[in-house]
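Subject: Structure handover

Hi,

Here is the structure for you to look at. My notes follow below it.

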Amino acid sequence: MKTISIFLLFLITNYSIAQNLTSKSNEISLDFSGGKGTSSSLPKITWLAPENETSFIKDERIKLSVNIESRDALKSVTINVKEKDSHDMRGTLPLTVTEDKKYNFRIEKQVTLLDGVNEIEIIAENEKGFKSVTRRYVHVGATLLADASKLKRTDYALIFASDKYDNWSQLVNPIFDSRTIANELQTGYGFKVDVVENPTQEEMFIKLREYAEKKYDPLDQLFIFVAGHGFYDETFKEGFVVTKESLPSDPGRTSYVRHSALRSSINNNPCEHILLVMDVCFGGTFDEDLGRGDDTDVSNQPSQSEIIMRKLQYKTRKYLTSGGKEYVSDGKSGDHSPFAKQFIAALNTRGGNDGILTLSELMTYIEKLKTAPQFGKFGSDKQGSEFVFVVRGVK
């Protein structure tokens, strides 16, 4: 038997293959033995649960929900569970492919895993020997008991601050506010901080692209802060961030950063957990419906590491703005904007007794503002998701 194994990013030529594989860990195997011919396509495997490539659970049972589609009749579907690092087999389960499931096969199973890092592998092979392999990694039980400081995670902060403009009035506090917040995040919470002052539209998107090209671990977080002028166009029914070169007389608004473009760029960033905070006028129009999202407050857990991993098990796309569809105050020179002052006050709490500042705890400070802030979710945010600020030394 001759088997050719190929991986993603390789281009297959001279064969009729059309398949979009969605998992980073997908592997394709082609078997051309037996004279069956090569005109075929790969089985398509779609994970419904767990959705993320890496998951963290306290209990040993996890639900598997997987859909497999194949243009050619499926021959076999197998679930393998291995120990990630050693690849020792912990269990294997061949599934029966009946006549009515040969082209659309659904897996719905509760699987019991062992403590440690489990590699769950799904293998689907069609009758022409074309095989798709995809994997998920699940951390169970004992891995949650490690000290929080040993968790493999990094917090990043990307801060855009503008107070000097070519065509708009100057502001007094955005850079002062942003430098203070940057210092709090770096010294108090161990964030890797990047501050971009008075950026042009191009410089802003170049920096967003740089962060979109980073390699992130599953527990990494990205905090994005934007401070400066904001603008809302009633004709376009859209909000904009004003950058250094933005023109007041610009009917096409091409010299501004559209909220829709900002929303799309941030949502498509590969980091699993992102919080966008905007201290700009009309910032609340970042939400297309001016809606207020729900925040999930998970009660304290026995260990800091467990709190972190439990809160960061779902994809996060949250935003917080200093106001809705309205102007907001820049504040007195050297005294911070009202929004920034409350945000900094929340950071200064250092997360209270457990050393972890959650969004719900943060909101107790922000909600005191005279101008009502807007908080919600966008893009591919999942219910129950969270963003946490973890005190330096606890990470």
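A polar contact here is a pair of N or O atoms within 3.5 Å, one able to donate a hydrogen and the other to accept it. Keep that in mind for the serine below. Note also that this is a predicted model.

**Ser 385**

Ser 385 sits in the loop between strand 20 (374-377) and strand 21 (388-390). Is Ser 385 buried or exposed? Ser 385 is buried, at a relative accessible area of 1%. The cut-off for buried is under 20%, so Ser 385 qualifies.

Its side chain has two polar partners to look at. One is the side chain of Asp 381, at 2.7 Å. Another is the side chain of Lys 318, at 2.6 Å. Leaving out residues up to four places away in sequence, Ser 385 touches Lys 311, Tyr 314, Lys 315, Thr 316 and Lys 318.

**Helix 2 and helix 3**

Next, a helix pair. The axes of helix 2 (residues 201-212) and helix 3 (residues 259-267) come within 10 Å. They cross at roughly 20°. Angles under 35 degrees count as roughly parallel, so helix 2 and helix 3 are roughly parallel to each other. Their crossing is left-handed.

Which residues make the contact? Helix 2 contributes Met 204, Phe 205 and Leu 208. Helix 3 contributes Ala 261, Leu 262, Ser 265 and Ile 266. By type, the contact residues of helix 2 with helix 3 are six nonpolar, one polar and no charged. Spacing is worth a thought here. An α-helix has 3.6 residues a turn, so residues three or four places apart point the same way.

Glu 210 also lies in helix 2. Glu 210 is partly exposed, with 36% relative accessibility.

**Helix 5**

Helix 5 covers residues 338-348. Its buried residues are Phe 339, Ala 340, Gln 342, Phe 343, Ile 344, Ala 346 and Leu 347. Just after helix 5, Arg 350 has a positive phi of about 55°.

**Whole chain**

The protein has six helices and 21 strands. It runs to 395 residues, of which 54% count as buried. Take the contacts with a separation of 6 or more: 75% of them come from residues 24 or more positions apart.

Over to you.

Note on methods
Residues are numbered from 1 along each chain as its sequence is written. This is a predicted model: local features need pLDDT of at least 70, side-chain atom pairs count only at pLDDT 80 or more; totals for chains, interfaces and linings use all residues. Side-chain values use heavy atoms; hydrogens and water are left out. Axes are lines fitted to C-alpha atoms, for helices over the stretch in contact, and angles run from 0 to 180 degrees between N-to-C directions. Helices (H or I, at least four residues) and strands (E, at least two) are DSSP runs, numbered from the N terminus. Angles under 35 degrees count as roughly parallel, over 145 as roughly antiparallel, 65 to 115 as roughly perpendicular and the rest as oblique. A crossing is left-handed if the near helix is turned anticlockwise from the far one by less than a right angle, and right-handed if clockwise. Contact means heavy atoms within 4.5 Å. Ala, Val, Leu, Ile, Met, Phe, Trp, Tyr, Cys and Pro count as nonpolar, Asp, Glu, Lys and Arg as charged, and the others, Gly among them, as polar. Buried means under 20% relative accessible area, exposed over 50%, partly exposed in between (1.4 Å probe, protein chains only).
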